[in-house]
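Here is a short report for a reader meeting this structure for the first time.

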Amino acid sequence: MGKTKGKKHYLKDHIVKILLLIIIVWIVFMLINNQVRSMLVQTVEVKKTVLEDVDTGYGLLHGQEIAVLAAGDGPAERTMNEGQRVRKGNAVFSVNGSISYASEAGLVSYQIDGLEGTDDLNSICSTDLETRYNAQQTDQKEQPADCVNGAAYAKIINTFDDVYLYLTMPRTAYVSGLEAEQKILVRFSDIEYELQGTIKEILDAADGTRYLKLKLSNVKETVFQQRIYKIELPYNRLSAIAVPKTALVEKEGEKGVYCLQKGFVFWKAVTVGQDWGESDLVVIEDGLENGDFIVTTPHRVREGENIKF
């Protein structure tokens, strides 16, 4: 009889231990599962941002340029660096002791490409600015060629005179609608510099591109350190809150997003505006404010769930 009671007591303790172990394993599994789920959940802080459409092409910067000729044959010794400002009469470079001087004040440039003094839109843009741009990146890393007596080795750019940008652009709907004397935004994407230009001339090329001659104002001097740039023409600008389309969650026929407050997930209705171009973004007209956190992977959360972010 005593042995039977002891055996039952042992079995009871054993069952309790197994149940406790199962509970502990379940708790650990849930903690790990929640941690993994939280790591897979992607969130983003909502901020009002500038949305825009952009057309991309290439542009050659052109101002009043005065050639500085070499006074001999052989390697040049540069007195002035690329982009350095000089006064009239300053020494620019020398060849075998023979010095070449600046005949005008301005910025020094050693980027001689044969287009100096040319202002014809077709002549400049038909030289394939994209190929010239790529070659320019390589040429800047190479040693300069030797001087030839009487040939231009440098030039002085008068930045206070009119400055023009010669563009080759794909004939998109936006570019095709541009007209002479229209003011447009221009961005030098290599240096993230933006300014306004006035279209002075337009020419449609046979290859489907459009050539534009723009007059620029108040150009900063650092721009002249490069001859050809990648150019972006931004348009249709809008300051708005936009979220990925994948963040939208429809509930009872109404669109919304999962927001986070103190780590808890809750659904919030929003007023959806236009899709933005070819991007995955959609404009939110109402329902979200700057600083709100939303879930961009709504399929990985449940309403009321607490996640780490």
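The aromatic pairs in this predicted model come to a count of six. A pair of aromatic rings is described by the distance of the centres and the angle of the planes. Phe93, Tyr110 and Tyr153 form a cluster, linked by ring pairs.

Tyr110 also takes part in another kind of contact: the charged end of Arg78 sits over its ring. Lys213 lies over the face of Tyr164. The table gives the distances.

| Charged residue | Ring | Distance from ring centre |
|---|---|---|
| Arg78 | Tyr110 | 3.8 Å |
| Lys213 | Tyr164 | 4.7 Å |

Next, the second largest pocket. Its volume is about 160 Å³. The lining holds 14 residues, and the closest to the pocket centre are Tyr58, Asp128, Glu130, Thr168 and Thr209. By type, the lining of the second largest pocket divides into six nonpolar, five polar and three charged residues.

Last, the cysteines. A disulfide is a covalent bond between the sulfur atoms of two cysteines. How many disulfides does a search of the whole structure find? The search finds zero. Are Cys125 and Cys259 buried or exposed? Cys125 has a relative accessible area of 3%, so it counts as buried, the cut-off being under 20%. Cys259 is buried too, with a relative accessible area of 3%.

Terms used:
Residues are numbered from 1 along each chain as its sequence is written. This is a predicted model: local features need pLDDT of at least 70, side-chain atom pairs count only at pLDDT 80 or more; totals for chains, interfaces and linings use all residues. Side-chain values use heavy atoms; hydrogens and water are left out. Rings of Phe, Tyr and Trp (its six-membered ring) pair if their centres lie within 6.5 Å; planes under 30 degrees apart count as stacked, over 60 as edge-to-face and the rest as tilted. A charge sits over a ring if NZ of Lys or CZ of Arg is within 6 Å of the ring centre and within 35 degrees of the ring normal. On a 1 Å grid over the protein atoms alone, a cavity is a set of points where a 1.4 Å probe fits but cannot get out, and a pocket is an open set with protein on both sides within 12 Å along at least five of seven lines; lining residues have an atom within 4 Å of a point. Grid points are joined across faces, edges and corners, and a volume is the space filled by probe spheres set on the points. Ala, Val, Leu, Ile, Met, Phe, Trp, Tyr, Cys and Pro count as nonpolar, Asp, Glu, Lys and Arg as charged, and the others, Gly among them, as polar. A disulfide is a pair of cysteine sulfur atoms within 2.5 Å. Buried means under 20% relative accessible area, exposed over 50%, partly exposed in between (1.4 Å probe, protein chains only).
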